[in-house]
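Colleague: Could you walk me through a few details of this model? I'm still new to reading structures.

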Amino acid sequence: MSVPVLFDKKEDCCGCGACLSACAKGAITMTFDEYGCEYPAINDSLCVNCGMCKRVCAYQGENEFYAPKSVYASVSTSTDVMESASGGVFASISSEFINHSKHTVVGAVLDNTDGKITPIHQTANSIDKLKKLWNSKYVQSDTSKIFGEVMALLDNEESVLFSGTPCQVASLKSYLGKDYENLFTIDLICHGVPGRQMFFDYMDFLSKKLGTVKEYLFRDKKHGLTFVSRAECEKNGREKSVYIHFGESAYFTYFLNGDTYRDCCYKCKYAQGNRVGDITIGDYWGIKAQHPELFQNGNSEFDLHKGISCILVNTQQGERLLKLYGNGLSLYESEFEKVANENFQLSHPIKPKDNRDEILSAYKNGGYDKMNALYKNQVGAVAIAISKIKGRTPLWIKKLLKNKQD
């Protein structure tokens, strides 16, 4: 008996793991390829050819897309924006959501599992757990085990707020196979994602250099919005915080340049204006040019140094979500075209650069160390040294210099 072909090309698989979750025989496992990305593989001896794995594949199947009904610039007024991504929209909505009984939030965390920083989707129904979901994760999270948990919660009449990349939201919906009134979904304006193994290798690289990484934050706003990460490290019994500007990190720079994503990210059908989530959130890049009125007369709510979000409300369920749980947000009406002006993922997927093959070849043949050496050679020692200075410059000094320039 022949087994299903899960994908013909790597660009046909987003690595969500819905097929693994749907397989009642446990015939599917996720394995890393030579570039650190996960793909499903079928154990022929366990497969009974039921076809469920193919039926739940949203990436290769039909999806329901929604044109945005309303668009906003937004910041949280109920949570500390400095503790969360962008303008704190997800932090505010999720905090209010779990204040109600039988309400659970699901999203990506960088969890310290057995001493290893692991990107994975988890449930949260307390503020302590919830805070781990609030920050940016520039790596693919493992969703292969969360879909079944979400279905069980929904069937138990628990209200669930699920956040993730558009392909993860679409995968959840396809796995569930029907609509739930108690499910609310938030998709992110996604650039694309590197594989988890490359991230694991980056954490190992930092641990050898700085001390064991206990906690990692991709964007720490204490040093501004210029993509500065923070690693909490321990070496010889001493703990320290290390700030890393994107320019001194091969992993971070190659991510921002779109050089190390999964193959599917460059063909992504979700990188468009019509969306799969009930609402879509992201950074409102270029908002000062689109809405200069927000920054006149000392407006204290919308602060470029803290971050400002955009919100696309795509469905009636999204309108419900904002009405019921958006009381802690300051909303300012905007337009889709203004948001999309500097969020190109709302019109098309990123295109691979000419040097992508060289970067991935270095990683394939020599791991993260060789990829990092390639980066240092490309960028140069002076540029990396300048980035280190920027990464360690306090925010108040950056504000002072910016005000003098203005």
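Colleague: At what angle do helix α3 and helix α10 pack?
Modeller: Helix α3 (residues 89–97) and helix α10 (residues 316–325) pack at an angle of about 75°, and their axes are 9 Å apart. The two are therefore roughly perpendicular to each other, a label used for angles of 65 to 115 degrees. This is a predicted model, in which local features need pLDDT of at least 70 and side-chain atom pairs count only at pLDDT 80 or more, while totals for chains, interfaces and linings use all residues. Residues are numbered from 1 along each chain as its sequence is written, and side-chain values use heavy atoms, with hydrogens and water left out.

Colleague: And which residues of α3 and α10 meet?
Modeller: From α3 there are Ser-92, Ile-93, Glu-96 and Phe-97, which meet Leu-321, Leu-322, Leu-324 and Tyr-325 of α10, where contact means heavy atoms within 4.5 Å. The residues of this contact divide into six nonpolar, one polar and one charged.

Colleague: Switching to loops, where does Glu-157 lie?
Modeller: Glu-157 lies in the loop between α5 (146–155) and β6 (159–164), and its phi is near 65°, a positive value in a residue other than glycine.

Colleague: Is Glu-157 buried or exposed?
Modeller: Glu-157 counts as exposed because its relative accessibility is 63%, and exposed means over 50% relative accessible area with a 1.4 Å probe, protein chains only.

Colleague: What about the phi of Asn-236?
Modeller: Asn-236 has a positive phi of about 55°, although it is not a glycine. Asn-236 is found in the loop between β9 (228–235) and β10 (238–245), and with a relative accessible area of 75% Asn-236 is exposed.

Key:
Axes are lines fitted to C-alpha atoms, for helices over the stretch in contact, and angles run from 0 to 180 degrees between N-to-C directions. Helices (H or I, at least four residues) and strands (E, at least two) are DSSP runs, numbered from the N terminus. Angles under 35 degrees count as roughly parallel, over 145 as roughly antiparallel, 65 to 115 as roughly perpendicular and the rest as oblique. Ala, Val, Leu, Ile, Met, Phe, Trp, Tyr, Cys and Pro count as nonpolar, Asp, Glu, Lys and Arg as charged, and the others, Gly among them, as polar. Buried means under 20% relative accessible area, exposed over 50%, partly exposed in between (1.4 Å probe, protein chains only).
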